[in-house]
Amino acid sequence: MKLLLINIKELLQVRETAPIKLSGMEMKELPTLKNAWVFINHGIIEDYGTMDKMGPHQGFKTIDCHGKIVLPAWCDSHSHLVYAGNREQEFVDRINGLSYQEIAENGGGIVNSAKKLQQTSEEDLYHQSAVRLEEIMQLGTGAIEIKSGYGLTTEAELKMLRVAKKLSEEYPITIKTTFLGAHAIPAEYKNNKDGYLDLLCNEMLPKIAKEKLAEFIDVFCEEGYFSVADMERILSEGKKYNLIPKVHVNQFNSIGGIAAAVKHNALSVDHLEVLIDEDLEALKNSETMPVALPSCSYFLSIPYTPGRKIIDAGLPLALATDYNPGSTPSGNMNFVVATACIKMRLTPEEAINAATINGAYAMGLSKTHGSITKGKTANLIITKPIPSYGYLPYAFGSNMIDAVIINGTEV
Ligand code: NIG
Ligand code: FE
């Protein structure tokens, strides 16, 4: 399968040798080529250049991108896309005055989704999740991380991860999986958290490792969920199975999770809506990617991650959706990019870097995804005719995508 895109108004994120991540001032730069072409061969970006220097092209499909911008497909490094049912009643309860935490204390929240998921067959769960996956591919996402964590029993956690694995086999989008058994304390273990941690470490982890169902390990490190000590225990145990940490920290409280995650060489620390100076210091001189989830802040009306401050401190930043039924029922990376510009004061260049190359880094994919680089996976967004790339976050409510190419094929 060969495909040639020609007359591209502007080709974004063109990197001859791609960096694995971008930090601080580097994020302000978005290298582009005007009036460009890209040649795709068997799912790989084989070559690109400007129209004045294009060799003869014959015998394969050509797309004329006149007036359109082409960029790498979004890399969404944090999602809970595999889930059962929805929680719109909790959304209404919040409008009527209950807080997210109060709903969780009354048996809603994560354990509510877990109950639904445990009662849903693997086949049904697959179909419900596939609908969402198809939607986000149309919205320009070419690689996504998917977590477990709505199972909370060995059987249901394995079911979630098997569904994610099957999705990755059936669809061209790149999928990375994360074991998030420590997402909430299940009702049966309400007064026996250590009992649940034992189950997680002694039963869930070995089975997941044996079936090779996850590459990453996550913990919801938060007051009322899992403490820093719990997280450290789980990450140490995960390390025995070569699971790389990517953790939920600082969503509502700063309790020292960031420094602990950095100590455990976490690939990413995600949420960070509440960030104190010590947290920022812990991230300096580390290889850990801070990940902001602005649609979650939008939906829950909680503070936005101080992305401006993080970048100005010389740190990298990635953007992801957090797609899940409770705090972010949206997998739209275009909205994430726009919201990062509008609410976190990222420039369009910074937001696009955060949602492509840095997102790829946050799921261990920056060697193959996130930029227009020879040899990388051909995951591309072709926009509708637009005046400039700044128009993408500016027109935040409109779908400016004309076509999406994933693994070299139009979806
Ligand atoms: O990332 N914060 C923890 N987990 C999810 C939301 C869980 C839920 O409400 O279902 C999140 O926001
Ligand atoms: Fe999350």
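**Salt bridges, then the metal**

I started with charged side chains and found K28, R308, D312 and E350 linked in a network of salt bridges. I keep in mind that this is a predicted model.

Next I looked up the K28 contact: K28 forms a salt bridge with E350, with 3.0 Å between the closest N and O atoms. The two sit 322 residues apart, K28 in the loop between β1 (2–12) and β2 (32–41) and E350 in helix α13 (residues 348–355), so the pair links distant parts of the chain.

Then I followed E350 to R308, where the closest N and O atoms of the salt bridge are 2.7 Å apart. This pair also links distant parts of the chain, helix α13 with helix α11 (residues 307–312), 42 residues apart. I noted both E350 and R308 as buried.

I also looked at R87 and E90, a salt bridge with its closest N and O atoms 2.8 Å apart. R87 counts as buried at 6% relative accessibility, and E90 is buried at 9%. My tally of salt bridges came to 19.

Which residues hold the iron ion (ligand 2)? I found H78 (NE2), H80 (NE2), H248 (NE2) and D322 (OD) as its protein donors, 2.1 to 2.2 Å from the ion. I wrote down their spacing as H-x1-H-x167-H-x73-D. H248 lies in strand β10 (residues 244–249) and D322 in the loop between β13 (318–319) and α12 (333–344), 74 residues apart. Buried means under 20% relative accessible area, so H248 at 3% qualifies, and D322 at 1% does as well.

How values were computed
Residues are numbered from 1 along each chain as its sequence is written. Chains are lettered from A and ligands numbered from 1 in the order in which they are written. This is a predicted model: local features need pLDDT of at least 70, side-chain atom pairs count only at pLDDT 80 or more; totals for chains, interfaces and linings use all residues. Side-chain values use heavy atoms; hydrogens and water are left out. Donors are N, O and S atoms within 2.8 Å of the metal (3.2 Å for Na, K and Ca); water is not among the atoms, so sites may look incomplete. Helices (H or I, at least four residues) and strands (E, at least two) are DSSP runs, numbered from the N terminus. Buried means under 20% relative accessible area, exposed over 50%, partly exposed in between (1.4 Å probe, protein chains only). A salt bridge is a side-chain nitrogen of Lys or Arg within 4 Å of a carboxyl oxygen of Asp or Glu.
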